[in-house]
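The sequence and structure come first.

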Amino acid sequence: MTFSATDHAAMARALALAERGLETTTPNPRVGCVLVKDGRIVGEGWHERAGEPHAEVHALRAAGDLARGATAYVTLEPCSHHGRTPPCADALMKAGVARVVTAMEDPNPLVAGEGLARLRAAGIATAAGLLENQARELNIGFVSRMTRGRPWLRLKTAATLDGKTALENGVSQWITGEAARRDGHRWRARACAVLTGIGTVREDDPQLNVRAIPCTRQPLRVLVDARLDVPLSARILQGAPALVATASEDAARIAALQAAGHEVVVLPDPAGKVDLPALLRALGQRGINEIHAESGFRLNGSLLREGCVDELLLYLAPVLLGDAAQGLFKLPAFTALDQATRLDIRDIRRIGEDFRIIARPRGGESGQVE
């Protein structure tokens, strides 16, 4: 399929609109729509919040009668099923659009090509695949949940140039500068859930919410605590309810957390720890698309070993702490270099005085979303 310069420009605009819903659409995907007629935009919109009108509906309302005979550029295949809102494919047909171009087909099994098929059956020309990679990246968590049954897990950590995340005594605030911390909060804000471990709660007592930037929707806070050691006074348990994943069946502790409004899921693995892959599946069932993990080197290592890490968000500060300080990942000693985790670097840039590296593990299921 060959697309024109007008097609590319219109879809790029639709993607920019979709990104406006970066923090608010969960559990739905981020979607933008642009209507073009006679070479000019006559309507545009984006999905703003789950349960509210989809991008196509906003664009059609903006266009009014000008939608008839227009081309609709949508970043994701128009839905064909009744959810909390009617099918967008039907709305486009009713409005009389002549052509629909999508960046990608919807990985949701409830749609999966049916939206485009319905449009074609109504005599509307369709095309798919324009700026598909950009669209998939924008909704990588939604794609992961639809195709793998689990969210996309992005592991954020801050380290020195010699790969240390904390002093030997556990002190880690603050390795990076203010600009890097603010950037980290932007990544927190786009996630559906922020995950940490009991070790981080003991050492830092974090709030684990979005504070450094404006945010209209706080992510769910998830705590991995195998023995239910978390005190009810911990800051992660203040404010909105949190989800605590544990291997413990201590009825009294579970009841205390539930009485405080928190959810407890018991997911033991054979070693008596929390079954991390099972936790990801459970979060996927709750509609969580993206997880932003900020944890200590022990849980970091467990997440990496168990294939749970899809992406690394690593901030490197121009600081050296020496051999005695804590490292990034607690991993078993390797006896050969081919046992190491290889990474694909996706982006490197300077943030204030620090550097930010975005990388994905090579091979295996982690990092592969089809």
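A salt bridge here is a side-chain nitrogen of Lys or Arg within 4 Å of a carboxyl oxygen of Asp or Glu. The model is predicted: local features need pLDDT of at least 70 and side-chain atom pairs count only at pLDDT 80 or more, whereas totals for chains, interfaces and linings use all residues. Residues are numbered from 1 along each chain as its sequence is written, and side-chain values use heavy atoms, with hydrogens and water left out.

**Domain contact**

The protein chain is split into domain 1 (5–142) and domain 2 (151–361), with bounds from an automatic or database domain assignment. Their centres, taken over C-alpha atoms, are 34 Å apart. Domain 1 brings 13 residues to the contact and domain 2 brings 15, contact meaning heavy atoms within 4.5 Å. About 1100 Å² is buried between the two domains, 44% of it on carbon and sulfur atoms; buried area is the accessible area (1.4 Å probe) that two parts lose on being put together, summed over both. On the side of domain 1, Glu23, Thr26 and Ile140 lose the most area to domain 2, together 45% of what that side buries.

The interface of domain 1 and domain 2 holds 3 salt bridges.

**Salt bridges**

In total, the structure has 26 salt bridges.

| Pair | N to O distance |
|---|---|
| Arg118 and Asp90 | 2.8 Å |
| Arg360 and Glu137 | 2.6 Å |
| Arg186 and Asp183 | 3.8 Å |

Helices (H or I, at least four residues) and strands (E, at least two) are DSSP runs, numbered from the N terminus.

The salt bridge of Arg118 and Asp90 has an N to O distance of 2.8 Å. Arg118 is in helix H4 (residues 114–121) and Asp90 in helix H3 (residues 88–95), so the pair ties together parts 28 residues apart in sequence. Arg118 is partly exposed at 26%, and Asp90 is partly exposed at 30%.

Arg360 and Glu137 form a salt bridge at 2.6 Å. Arg360 belongs to strand S16 (residues 354–361) and Glu137 to helix H5, so this pair ties together parts 223 residues apart in sequence. Arg360 is buried at 7%, while Glu137 is partly exposed at 33%.

Arg186 and Asp183 both lie in helix H7 (residues 178–190), 3 residues apart, about one turn of the helix. Arg186 is partly exposed at 42%; Asp183 is buried at 7%.

Terms used
Buried < 20%, exposed > 50% of the residue type's maximum accessible area, 1.4 Å probe, protein only.
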